[in-house]
Amino acid sequence: MTEPAPVEDALLDAVLRPPEQARTLPGTAYASAAVFEWERRHFLEGSWVCVGRAGELVAPGDQRAVAAGGTGLLLVRDDAGALRGFFNACRHRGHELLAPGTARRARGIRCPYHDWVYGLDGECRATPRFGKDADPAVDRADFPLVPARVEEWHGWLFANVSGDAPPLATHVGNLDVAVADHSPARLTEAARHVYDVAANWKVVVENYLECYHCASIHPELCAVTPPDSGRGYPTPPRGDWLGGPLALAPHAATMSFTGASGGVPIPSVPDARRREVGYAALLPDLLVSPHPDYVMTHRLEPLAADRTRVECAWLFPPEATARPGFDPSYAVEFWDVVNRQDWAACESVQRNAASPGWRQGPFSPWETDVLAVMAAVARGYRTGRLGPVTTQGQPTAASTSSETSKFA
């Protein structure tokens, strides 16, 4: 039986009207702790979420403790180099096998509490002081680690805690149209910033998907990518994502303060795409921005109704990182400024989410993708699952797209 979210039906009806009549999500969707806990169970743990990069687990024995929704998982490279996932809980008394956020390389998986040991395949190998003549006797075969559903896609690692989400291929749909030309699996992380944003995760996603605000708060961004230059991808998005590219200004080779690149073009990017910067939001938690010379990602970890951890990473091709003296700061410093401008705006929105003055507002033609996301959330509140970003009777990323779609 579907457990609907604790949001009034009439407020959701307003989001699902035709575009010219539709209204934004109600403030309770952003401010309510009860709604956030419902989302954690249904949207985060019930869907695929990005939990890192394959480059963080490169050799057999590599192990990393991550969070997916509110659940701890252990990612492992087994003896054959295959990715495995387990719930980060010892089968003895539930102690964490590895402290959250930490990593190690070892021949097996050892619980630090009572020294139970597991193989990289999750099978129980040692139960100290539970010898075969012990009372009670323990059959190790009865106590393997509990597997978790994990997969790799273009160098990103994904997990589904509930185990019943549609296949990852269905989730990502045809997101290849936005990222495949940039060969993300062969890119390496050259820099990372972690931000603690005092705003709901949906506010962060919605802000990313529109440039209605760009002229107001992003002068640096507008100098290198005119906000009225957006267009959709040639193939309409299919799956749980939406987005589109912005064109670079005539003087700009990439997104930086001057428009100059301190790296090299990604070799696999065709000439036709070297004059654009893409934006793609894979719900609920991964924002991918392909540039001609690097790929930037924002990976969201919703922590509370009013708090989101945002991990921003800059990925470069080996042709750039292998150059003597390579410095990614030209990209990092530019986006750090833009990010902080965005976080200030998101936090301002969040401070009003519980205000008695909050009202559901209308959508500008520049906010087509925001409407599509809010409608997907509203439907998900009723069905119990955050599904494809499409709406009956409403335009979606198939017709207009991304932080720029409003101009297509």
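Me: How many bridges join strand E11 to E16?
Reply: This is a predicted model, in which local features need pLDDT of at least 70, side-chain atom pairs count only at pLDDT 80 or more, and totals for chains, interfaces and linings use all residues. Residues are numbered from 1 along each chain as its sequence is written, and side-chain values use heavy atoms, with hydrogens and water left out. Strands (E, at least two residues) are DSSP runs numbered from the N terminus, and two of them pair if DSSP finds at least two bridges between them. E11 (residues 188-197) runs antiparallel to E16, and Glu189 stands opposite Leu315; the number of bridges is nine.

Me: Which residue of E16 is the bridge partner of Pro302?
Reply: Strand E15 (residues 295-304) is antiparallel to E16, with nine bridges between them. A hairpin of two residues connects E15 to E16. The partner of Pro302 in E16 is Thr308.

Me: How many of the ten residues of strand E16 are buried?
Reply: Buried means under 20% relative accessible area, exposed over 50%, and partly exposed in between (1.4 Å probe, protein chains only). Strand E16 (residues 307-316) is largely enclosed by the rest of the structure, because the buried residues among its ten number eight.

Me: Which residue in E8 is the bridge partner of Tyr118?
Reply: Strand E7 (residues 117-118) and E8 run antiparallel, joined by two bridges. In E8, Tyr118 is paired with Cys124.

Terms used: Helix = DSSP H or I, 4+ residues; strand = E, 2+ residues; numbered from the N terminus.
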